[in-house]
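Please open the model in your viewer and follow the selections below in order.

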Amino acid sequence: MTEASDTLHTPPQRVIPFSPPDITQAEIDEVVDTLRSGWITTGPKTKELERQLASFAHAARVACLSSATSALECALRALGIGPGDEVITSAYTYTASCSPICHVGATPILVDVAPGSYEMDYAKLEQAITPKTRAVIPVDIAGRLCDYSVLSQVVDSLAPSFIPHNERQEALGRIALVADGAHALGATRNGRHAGEIADMTTFSFHAVKNFTTAEGGALAWRRGLFDDEELYRDVMLMSLHGQTKDALSKTRAGAWEYDIAFPGWKCNMTDIQAALGLAQLRRYPEMLARRRAIVHAYQKGLADLPLSILSHYENADHSDASDCDDAVARACEEGLSSSGHLFLVRMPGKSPQFRNALIERLGQAGVASNVHYKPLPLLSAYQSLGFHACDYPCAIAQFENEITLPLHTKLTDEDVAYVISAFHAAWDDLESKGIS
Ligand SMILES: *Cc1c(COP(=O)(O)O)cnc(C)c1O
C-alpha cells in the first residue's frame, strides 16, 4: 500500500490516554493561592477538605492522608489489628487492598470472587472466617459498591463468638468492615453513600483516580460507632510521628511545646494537595455525571458485540439505569449508582491471547487500555506468602479475558466514538484472522 492510499483509508488517528488527570484553571488557582499563602503543608485547606468530604460522603469524620494505602494501614492500626490477627480481602484487587494487612503484621486471607463477578464470594468469605479474623476488606471495584447488606449479615451472624481485643473492637462487637473504596468516592447503593455504609472506608486521590490530589487519600468512618474525636486524633497522631501538635498549631505564638506519644508514621496530606481536592470537589458532581454519560455511550456503542460489561447504574429492579436523566437519577437512588471509575469489559469465550492482541491493536490505533486486575495469587509477593492461583479459579477466569477501556472526564464524545470504532475494528480484524 502506498503512503497516499494509506492516509486515504485510515481514519485520523487520535491519541486517547487511559486516565489523564482532569485539571482546570480552578485547580491551578487554588494551588497558587496555597503557594502564595505561606502555608503549604497540612493546615487550613486540609482541614477544610476533610470537612467537605465528610459532608459529601455522609461520614462521621474524614481524615485526609498521603494515600489510600496509608489510610488503610491507619484504619487497621486504629482497630488495634496486628500480629496474630487475620484480615480477609478479595483475591481480585490491586495489591494496596492487601499490603497494609502485611504492614501491620497481621495475616492476609484471600477469598475468591463469585463466579462471573468481581466481588468476593460471600459464602466463601463466611467459610474463611476464623476466631482470629478481625476485619474484612471488601473492594468496591470500578466504583461499584459491594453488597454490604450481605456482608453485614455475615459479620453480624458471627458477632456472638467475636472476642474483642480492645475498646474499639468492643464498640463494634464484631468483625470490622473496612471498605477499600479507592474507586468509590461519590458512589451510592440504596441511597446510601460510600463513606456511611462500611464501618470505615478508604478513598484514593491518586493521579489516575476519579478525584485527584496528585497523591493522596482519606479515611472515612460512619456515624454513631466510635468516639469520633478520639479516633480522629489517633489517626492524626499516627500520620505525623505521634506528635501531639501538628506543625500549624506549633507555629502559633508561644505554642512550641509538644510531646511524642509513640513513634508514629508520616503520611499526612499537604495543603497543596488539599487545594487540588477542594477545586476537584466543587466540580465533582458534574464529573460524575459526565462519567455516567460516557458509560452509557460505551454500552450503546458496544451492544452488538458478545461482551459482558460491568453494570454501573441499576434501578432497584436491577434494570440498567445508565441513561437516567437527573430526575430519574434521583429515583435510581433505590438502586446502585457507581462512581463510574473503570469500564470493565469481559469477552466470554475469548482467550488471554485474544485479549492481549486486542490491547495491542487498540494501542496501535492510539487507544490506551488496561487490565484490572491481575489477581493477587498471580503475583510473586503473594505466591511467596503461600497463595496459589489454582485456589482462585473464578478470579483467574474473570481476569483472563478482561479489558478496561479509557473512562475519564477528558474524553470528548468524538473520543468515545473513536474508541468504540477502534474496538470494533480490532475485534473484527482478530476474528478475521481466526484468533479467538
Ligand atoms: C489505587 C488503589 C489503591 C491505592 O490507592 P493509593 O492512594 O495509591 O494508595 C487501593 N486499592 C485499589 C483498588 C486501588 O485501585
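A crossing of two helices is called right-handed if the near helix is turned clockwise from the far one by less than a right angle, and left-handed if anticlockwise. With that convention in mind, note that this is a predicted model.

Select helix 2 (residues 25-37) together with helix 11 (residues 271-301): the two pack with their axes 8 Å apart, at an angle of about 150°. Because angles over 145 degrees count as roughly antiparallel, helix 2 is roughly antiparallel to helix 11. Their crossing is right-handed. Next, display the side chains at this contact; among those of helix 2 are Glu 30, Val 31 and Leu 35, and helix 11 contributes residues including Ile 272, Ala 275 and Arg 282. By class, the contact comprises 8 nonpolar, 5 charged and 2 polar residues.

Now move to the ligand. At Ser 204, a polar side-chain atom is 2.7 Å from a ligand oxygen. For Ala 68, look instead at the backbone, where a polar atom is 2.9 Å from an oxygen atom of the ligand.

Finally, inspect two backbone features. Most residues other than glycine have a negative phi, and most peptide bonds are trans. Ala 142, in the loop between strand 4 (133-137) and helix 7 (148-157), has a positive phi of about 70°. His 372 and Tyr 373 are joined by a cis peptide bond, with omega about -5°; Tyr 373 belongs to the loop between helix 13 (352-364) and helix 14 (380-384).

Definitions and conventions:
Residues numbered from 1 in each chain as written. Predicted model: local features only at pLDDT ≥ 70, side-chain atom pairs only at ≥ 80, totals over all residues. Heavy atoms only, no water. Axes fitted to C-alpha atoms, helices over the stretch in contact; angles between N-to-C directions. Helix = DSSP H or I, 4+ residues; strand = E, 2+ residues; numbered from the N terminus. Parallel < 35°, antiparallel > 145°, perpendicular 65-115°, else oblique. Contact = heavy atoms within 4.5 Å. Nonpolar A, V, L, I, M, F, W, Y, C, P; charged D, E, K, R; others polar. Polar contact = N/O pair within 3.5 Å; in protein donor to acceptor, adjacent residues only side chain to side chain.
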